[in-house]
Amino acid sequence: MIYPKPAQTLQPNSYAYESGPLVKATGFREYDARWLFGSEINLMGVQALGLGLATLLHEMGVRPELSTGHDYRSYSASIKYALITGLMAGGVKVHDIGLALSPMAYYAQFALDTPAVAMVTASHNDNGWTGVKMGAQRPVTFGPDEMGRLRDIVLEGRFRYADGGSYRFVEAFADRYIADLLDRPKLKRRLKVVAACGNGTAGAFAPQMLAALGCEVIPLDIEADYNFPRYNPNPEDLKMLHAMADAVRAHGADVGLGFDGDGDRCGVVDNHGEEIFADKIGVMLARDLSRLHKNATFVVDVKSTGLFASDPILRAQGVKADYWKTGHSYIKRRVSELGALAGFEKSGHFFFNTPIGRGYDDGLLTAIHVLEMLDRNPQKSMADLYADLPHTWGSPTMSPHCPDEVKYGIVDEIITTIQAMHQKGEKLIGQAITSVVTVNGVRVTVADGTWGLVRASSNKPELVVVVESPAAEAHMRQMFHELDAIIRRHPEVGAYNQTI
């Protein structure tokens, strides 16, 4: 039997669409896969993806045994079962944990002793999207090399069939995951916590976990609704942060915790209802954890604040900051390679490594570490801990639309422009350029420490723009406007999702 080679385009509601696989090439991203279900991938295409993943596992010499789960979107279970069909055809033993968060699937790799994972989720993407987060070496997930190999296998139809495939449903696995998170002392401090889930999958798990930890829980938008009626379940989304802030103020809560669509990210609002960007939460956690674990290394993404390197308390505690590529697979892999204590992304992906975690991103575990930080500082509120940080003015993550087919080329041209400015001694916001970092897009810094970043989004047709200044809000805004002027030389770039 030879499985058909996938097509790049097929017309829905046609004979060809129902009798062959559709897999659009752009769905293979840098560190996971995402498509619009129906127009960019169909169920036969998902089967092809499963068979391709099985083929790749055999090529990598990985024992063909895999854990899988799905988020609660109406079509996610169907996609998962199509994926399982392809995996089994390729000889993979599949352990299905059912409705799950992404970190629950990662935990299953350890708890069920499966080398590989494939979690069906589009995270916080709008309804209509689907995707798969994959890995074959716990705790890391696929990066560009593995995703490129998988793309070539699938699109070229280079499938390998094998006997030995099987299916097992793992009953009540969520209970095992929650029990593992709670295998720690309860909080001494009685904390009132807003748990915001944005009508995403985390609503089924986060509130009960927080209550069992000893918190008084104020649930917010925990009912499952894949239409996301109030706001996108994304802790970088200002609508979600504002809803959390309103709830914190209304209930007099100690903290607001917001979880994204598949539960691998966490956002925080303090007791005054002020939104704290995730990179600043990372600095606060790094301060707290480095008191317990001396000379710790923390990996942070290039979108994150410069305080990881400049904060006097972190420097006094011997902390080493390693700025690395944005993306959950990149940071996760870097944390593992360096043996870092933790990794932090501005998007809210936090990675706690041995002895305080297993190295993968887990929004619920992040929430626990935030609450334990408060527990270890009984005389201070979340706002107090935030106020203790050196002040900077920073933007949210801003994302102008840019087609997948051209976004990387445009970023390459922006890099060339800024490098040329640096080499010629030209100024940015009236200051000398002191640093140009191109490990992931371009992060340009000027003399007073003000910096700006432009990179291509790895999972959406967008660019990513972030700016920060330790000197003045006006310098932050000026950096944005001057970077945006460079971006606007490319007419393919559209409007921002939000701006400053």
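Predicted model: local features only at pLDDT ≥ 70, side-chain atom pairs only at ≥ 80, totals over all residues.
Let's begin with α13, which covers residues 363–376. The helix has 14 residues, and the distance from its first C-alpha to its last is 20 Å, close to the 20 Å expected at 1.5 Å a residue. Most of α13 is covered, with 13 of its 14 residues buried.

## How α6 packs on α13

Helix α6 (residues 173–181) packs against α13 at an angle of about 25°, and the two axes are 11 Å apart. Angles under 35 degrees count as roughly parallel, so α6 and α13 are roughly parallel to each other. As for handedness, their crossing is right-handed.

Which residues do the meeting? A bit of helix geometry is handy here: an α-helix has 3.6 residues a turn, so residues three or four places apart point the same way.

D71 sits in the loop between β2 (65–70) and α3 (76–89). Is this residue buried or exposed? With a relative accessible area of 2%, D71 falls under the 20% cut-off, so it counts as buried.

One is the side chain of T121, at 2.9 Å, and another is the side chain of R73, at 3.3 Å. Setting aside residues up to four places away in sequence, D71 touches S76, L99, A100, M119, V120, T121, A122, S123 and T201.

## G135 at the end of β5

G135 belongs to strand β5, which runs over residues 129–135. The glycine is buried, at 1% relative accessible area. Once neighbours within four places in sequence are left out, G135 is in contact with Q109, P115, A116, V117, V140, T141 and F142.

## Cis peptide bonds and positive phi

Most residues other than glycine have a negative phi, and most peptide bonds are trans. Against that background, the bond from R138 to P139 is cis, with omega near 5°; P139 lies in the loop between β5 and α5 (144–156). The bond from T354 to P355 is cis as well, with omega near 10°. P355 is in the loop that runs between β15 (350–352) and α13.

On the phi side, D113 has a positive value of about 55° although it is not a glycine. D113 is in the loop between α4 (102–111) and β4 (116–120), and its relative accessibility of 38% makes it partly exposed. F228, also not a glycine, has a positive phi of about 50°. You'll find F228 in the loop between β8 (216–220) and α8 (238–251). What does its accessibility say? At 10%, F228 counts as buried.

Terms used. Residues numbered from 1 in each chain as written. Heavy atoms only, no water. Helix = DSSP H or I, 4+ residues; strand = E, 2+ residues; numbered from the N terminus. Expected span 1.5 Å × (residues − 1). Buried < 20%, exposed > 50% of the residue type's maximum accessible area, 1.4 Å probe, protein only. Contact = heavy atoms within 4.5 Å. Axes fitted to C-alpha atoms, helices over the stretch in contact; angles between N-to-C directions. Parallel < 35°, antiparallel > 145°, perpendicular 65-115°, else oblique. Left-handed = near helix turned anticlockwise from the far one by under 90°. Polar contact = N/O pair within 3.5 Å; in protein donor to acceptor, adjacent residues only side chain to side chain.
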